Amino acid sequence: MKIFVDTAEIDEIKEANSWGILDGVTTNPSLIKKAVKKRENINMEDYIKEICKAVDGPVSLEVIGSNRDEMVAQAELLYDKFNPVNNNVVVKVPINTSSPETTAGKYEGLKALKDLSSKGIPTNTTLIMKPAQALLAAKAGTQYVSPFAGRIDDFIRNNVGLTRGEDYPKSAYHDGDWIRHASYLKLKPRYENLEGDDLAGIYFDEEVNKVKESISDEGIYTGAAVVSSINRIFSNYELDTAVLAASLRNSRQVREVAEAGADVSTIPFHVLEEMIDHYKTEQGVINFSEDVVPEYEGIFR
Ligand code: E4P
């Protein structure tokens, strides 16, 4: 799996690159906003050029328009201006730019993707929330689809009253083990004084159904499940679009999308840092260094 860093912070990009594991960078308008806030009088063009130089792998830069012509023109501008720096620009295009106010942008992303594909400008289709969107983007010729695994999990947690970052029994969702969910989510049992997660039938069906309905999105219950479903679809039809798992919140989610077969994960810098940590590793280092005998130390002198 390739690893991209999901940031517009130049220091974070350089630091991750110095570890020897970095394959690319993804930015978006919110990440650029964060970087701008930290600096006074930023020259955006120079800053983006610096980002492109900092890594020898794809750098995703996002368009901000909402119709086909705007997005195509912006993509060409981004590509012409920044690709010559290090030959690594990929243009991020939202799959669908409609909003609660207007459906005008519904197919504009797709059309822009198709145009950019014929022009040979590589694209990363962003804001993918379900596999069907990824299939359309791949058909339109995109190089990457970015399913927002973290936001999908956030949404599910929100709907069942769990807090962000709190784990929930994802394998049970895949297995359709609703009794385990019901128990985990502390739904009202049919009988008092009954505990355990293997007592089928103790939960009110309507309670279980309520949860099922509130968190299922066309039969998908987790961010990682979106990634594996897209993978299956792409391999069924030999589509060579890469699956780029995005919006990752923690090291556990990185593992989940890696297990689901993501081609790439784009990871915030603090999550990259979290990936290396384990208290048992720290303890192991202490133990090994305490056990070094002079005879062994001698060979290093
Ligand atoms: C990356 O390509 C995405 O824009 C990013 O991962 C979104 O992450 P967020 O859900 O934390 O905003």
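# Chatting through a predicted chain

Visitor: Starting at the surface, is Ile 299 buried or exposed?
Guide: Ile 299 is exposed, at a relative accessible area of 59%. Exposed means over 50% relative accessible area, buried is under 20%, and partly exposed is in between, with a 1.4 Å probe and protein chains only.

Visitor: What kind of model is this, and how are residues numbered?
Guide: It's a predicted model in which local features need pLDDT of at least 70 and side-chain atom pairs count only at pLDDT 80 or more, while totals for chains, interfaces and linings use all residues. Residues are numbered from 1 along each chain as its sequence is written, and side-chain values use heavy atoms, leaving out hydrogens and water.

Visitor: Back to Ile 299: where does it lie?
Guide: Ile 299 is in the segment after α15 (294-298). Helices (H or I, at least four residues) and strands (E, at least two) are DSSP runs, numbered from the N terminus.

Visitor: What about contacts along the sequence?
Guide: Take contacts between residues at least 6 apart in sequence: 60% of them join residues at least 24 apart. A contact means heavy atoms within 4.5 Å.

Visitor: Let's do β5. Why is it largely enclosed by the rest of the structure?
Guide: Because five of the six residues of β5 (residues 123-128) are buried.

Visitor: Which strand pairs with β5 over four bridges?
Guide: That's β4 (residues 89-94), and the pairing is parallel. Thr 123 in β5 is the bridge partner of Val 91. From β4 the chain crosses through helix α5 (residues 108-119) to β5, a right-handed β-α-β crossover. Right-handed is the call if, with the strands pointing away from the viewer, the path from the first strand over the helix to the second runs clockwise.

Visitor: And which strand is joined to β5 by three bridges?
Guide: β6 (residues 144-147), which runs parallel to β5. There, Ile 128 has Pro 147 in β6 as its bridge partner. The chain gets from β5 to β6 through helix α6 (residues 131-139), and this β-α-β crossover is right-handed. For strands to count as paired, DSSP has to find at least two bridges between them.

Visitor: What's up with phi at Leu 127?
Guide: Leu 127 has phi near 65°, a positive value in a residue other than glycine. Most residues other than glycine have a negative phi. Leu 127 is in β5 and is partly exposed, with a relative accessible area of 30%.

Visitor: New topic: how many salt bridges are there?
Guide: The count is 13, taking a side-chain nitrogen of Lys or Arg within 4 Å of a carboxyl oxygen of Asp or Glu as a salt bridge.

Visitor: Which residue meets Lys 38 in a salt bridge at 3.7 Å?
Guide: Glu 9, with 3.7 Å from N to O. The two are 29 residues apart, with Lys 38 in the loop between α2 (29-37) and α3 (44-54) and Glu 9 in the loop between β1 (2-6) and α1 (10-18). Lys 38 is exposed at 61% relative accessible area, whereas Glu 9 is buried at 9%.

Visitor: And what does Arg 68 form a salt bridge with?
Guide: Asp 115, the closest N and O atoms being 2.8 Å apart. This pair links helix α4 (residues 68-86), which holds Arg 68, to helix α5, which holds Asp 115, across 47 residues. Arg 68 counts as partly exposed, at 29% relative accessibility.
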